[in-house]
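User: I would like to learn how to read a protein model. Could you take me through the features one at a time?

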Amino acid sequence: MSILAGHRARPNGWYGMVVLIAAEGALFGTFIGTYVYLSFHAPAWPPDGIAAPSATAPLVLSLVLVASTVPMALAVRAGRRDGVAAAIGWVALAFVVQAVYLGFQIHLYVDDLARFKPQTDAYGSIYFALLGLHHVHVAAGLLLDLWLFLRLPRGFTPYRRTALSAIALYWYFVAVAGLAVTATILSATW
Amino acid sequence: MTAIQPPAPAAQERIERLDRIWAERPGFTGWLTTTDHKRIGLMYVAASLVFFALGGAEALIMRTQLAGPGRHVVGPSTYDQLLTMHGITMIFLFVIPLSIGGFGNYLVPLMIGSRDMAFPRMNALSFWLFLGSGILLYASLLLHEAPNAGWFNYVPLASRRFDPGPNIDFYTLALILNGVSSTAAAANFLVTIAKLRAPGMSLNRIPLFCFAILATSFSLVFALPALTADLVFLELDRKLGFHFFDAARGGDPLLWQDLFWIFGHPEVYIIVLPAFGIATSIIPTFTRRKMAAFPLVALAELLVAFIGFGVWVHHMFATGLPQTTLIFFAAASLIIVIPSGIQIFAWCMTLVDGTPEFKTPLLFIVGFIIFFVFGGLSGITLAAVPFDQQVTDTYYVVAHFHYVIWGAAVFPVLGGLYYWFPKVTGRMYHERLGQATFWLIFAGTNITFFPMHISGMLGMPRRVWTYPARMGWGPENLASTIGAFILASGLVLLAANLVVSRFRGAPASADPFGGGTLEWSTSSPPPAYNFAVIPVVTSAYPCWDADDRAADARRLAAGQLVLEHGHETTTTTPVDGHLDDVLAMPAESIWPVTLAAVCTVGLALVISSHYVTALVSVAVAAAVLAAWHAVEPRSAA
């Protein structure tokens, strides 16, 4: 054919993930918007009797999550060269960091629940809903990593290479969303 | 225009090879496991028409109840359930699934010259999730626990305190499921239209119907999350005692309305845009002329979807928001007239400038233009804040949105049912009966909905289950009821025409109307692989380019772009439509329907507060997903 393109467009799976991320971004945007909306209506934010969230642990943790995207990116690069062992290794490193991250976050979540409840008032409702939304996304990402561990050892196919790059893209999004969520939560401290 | 010539022997051999490669399992299990966009589209059509019949029956019961003052056909609690289910059914289970799921699925790959959607298995999943959400909603009606707070389900009426039964839980969870289904469908359309177009189909050659589906899909992707978040908040409030909408604990009932209409107004355009797309398909065919102002119409479709995000507060003019806010949103609501006007003038100019042949599909489009102008004008009156505050929550609003949603969004869909019937079944519908049916439905629509303007201005509030005789609303309501039955009889004739023609109609050629888009270049009904050779396109109306189609036939004989070695289709670059790659497509799979069943059962468990068992179904769903993705599409090379 005379109309062959000079270079190839990205695979459909990558585009599909971009659309999913757009929808998920809108979902996070709605949650964050709700947080802001409710804070505008409140006389005190956080309400009296609830301490403002501490900044250190959430900030450090979200930077850790951002750092975990580096091994994901390296895994994608290894995938392009068919480096099965390298790709699995990088995903495994990312997986460990992400799992530790989620463990810490759940620990903090349970800690917070001991101080106040989502049933206390609207601040508690959106606080726990927003953090919970992000933790669910991290958990879903961990399941995607596990799927890679199942499939990658048998070698790369175009399908698996697309899957790896799409999952990496998902993690970039989850890391950015983590930063946005942390910034929103910490906005109550100033 | 030209019938398909009997292919040369070499071509015949290739066609037989394609038949073998693309054959799916026969019989009932074939429908459960299918990933063929046409069969999925037909299942969408069938299911949404069943829901349409149910929603119509609900409307007829309500109209019978309201025919005169003080009647008691149904009690108030049943009436509340009927009116809520009518709204939810018509919007979430009928119009959107029919126009996007049904028409979109069946037509988009055919119009862009592809062999399937970008994600065929996810496409099947979309359908089965949609069906699951419909089954959940109608299960609630069978249990007499159907949603009963109106289709927009305002809090605090919908909160646990005032609606303690499972009614609203059915609403929230079924609509979350429905939203996931629509998001998956929208993602599928976006990637399909971006990547799977025929070689040569650059952006400016995409058929306007596909542009409409593209705009709709953009809207769905960004609008549905607001609804999903809203539903999640409500369910957390109801089931776990959160306080999102509880003013006593720092929440805000208006938050529900804001989030609902941030979704709900784009939703109006999600409903009506595919109808615009159908109009832009039917008008050129029956006027023998390309659409006037083609690029403007494409841009207007995208612009309507975009501005649709900035007008949601016009549903909330009576809620006591600040005056500045109201003025901003009133202005935004008026601006949307501009892209709508562009399209109306383009349709009219095409009709005036062409040589229109008023067959049934075009009649429905003309009816659509009339209703859209009329409903648009009553919409302008509602965008004026002082007037709106007078008629909010009266039958005037009911009249307005039925003119827009029934008259403007459904009429093209009905026209489309006739227009593509020969393509789908290979048989012609009965033309004379079709035209008579149009006039019956057109008259029924006006007799039903026009008097509602008057009863509304006389002060009749919407959603009342009955009214006393001294209010003087009797004559208008009787007229509406009579109209509703005329309308219903017209729809019965439509169904009868299509069902009988399916078996007894005259055989249809590949292109009985001389259509311009690619679906008419393949046989009626199309083969499983759509096109024996991937078409190469040089204009927006490729079926009118006889030389190109002759070149396709030569390529079939020569074996170029036939892709006869595997379950494959081509991809092209998103902007220019240059041939990019040959893609192995996944074949039929049992996992989408399984996953949808697991999700539906899981949500039913949440509704009945069996949370632990519901968690088990999450684990099962994860296992199903793993099994699904263990089957990889293989390329033949």
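Predicted model: local features only at pLDDT ≥ 70, side-chain atom pairs only at ≥ 80, totals over all residues.

User: How many helices and strands does chain B have, and what does its radius of gyration say?

Analyst: Chain B has 19 helices and two strands. A compact globule of 637 residues would have a radius of gyration near 26 Å, and the 25 Å of chain B agrees with that. Along the principal axes, the C-alpha atoms of chain B fill a box of roughly 80 × 60 × 50 Å. Of the 637 residues, 58% count as buried.

User: Which residues have the most contacts inside the largest nonpolar core?

Analyst: In soluble globular proteins, nonpolar side chains tend to be buried together. Here the largest nonpolar core has 250 residues, and those with the most contacts inside it are B:Val95, B:Ile193, B:Cys210, B:Val272, B:Phe368 and B:Ala408. Helix 7 of chain B, residues 208–240, gives the largest share of this core, with 22 residues. Leaving out residues up to four places away in sequence, B:Cys210 touches B:Val108, B:Met111, B:Ile112 and B:Ile193.

User: Is helix 18 of chain B largely enclosed or exposed?

Analyst: Helix 18 of chain B is largely enclosed by the rest of the structure, because 12 of its 17 residues are buried. Among them are B:Pro592, B:Val598 and B:Ile607. The buried residues of helix 18 pack against helix 2, helix 5, helix 6 and helix 19 of chain B. From first C-alpha to last, helix 18 (residues 591–607) reaches 24 Å, close to the 24 Å expected. Helix 18 is followed by B:Ser609, with a positive phi near 65 degrees.

User: How many residues of chain A are in contact with chain B, and which helix of chain A supplies the largest share?

Analyst: The size of an interface is often given as the accessible area lost when the parts come together. Contacts can be listed too: 35 residues of chain A are in contact with 40 residues of chain B. Helix 1 of chain A supplies the largest share of the chain A side, 15 residues. That side divides into 25 nonpolar, eight polar and two charged residues.

Note on methods:
Residues numbered from 1 in each chain as written. Chains lettered and ligands numbered in written order. Helix = DSSP H or I, 4+ residues; strand = E, 2+ residues; numbered from the N terminus. Rg over C-alpha atoms; globule rule 2.2 N^0.38 Å. Buried ≥ 20, exposed ≤ 12 C-beta atoms within 10 Å, placed from the backbone. Core = buried A, V, L, I, M, F, W, Y, C linked by C-beta atoms within 7 Å. Contact = placed C-beta atoms within 7 Å. Nonpolar A, V, L, I, M, F, W, Y, C, P; charged D, E, K, R; others polar. Expected span 1.5 Å × (residues − 1).
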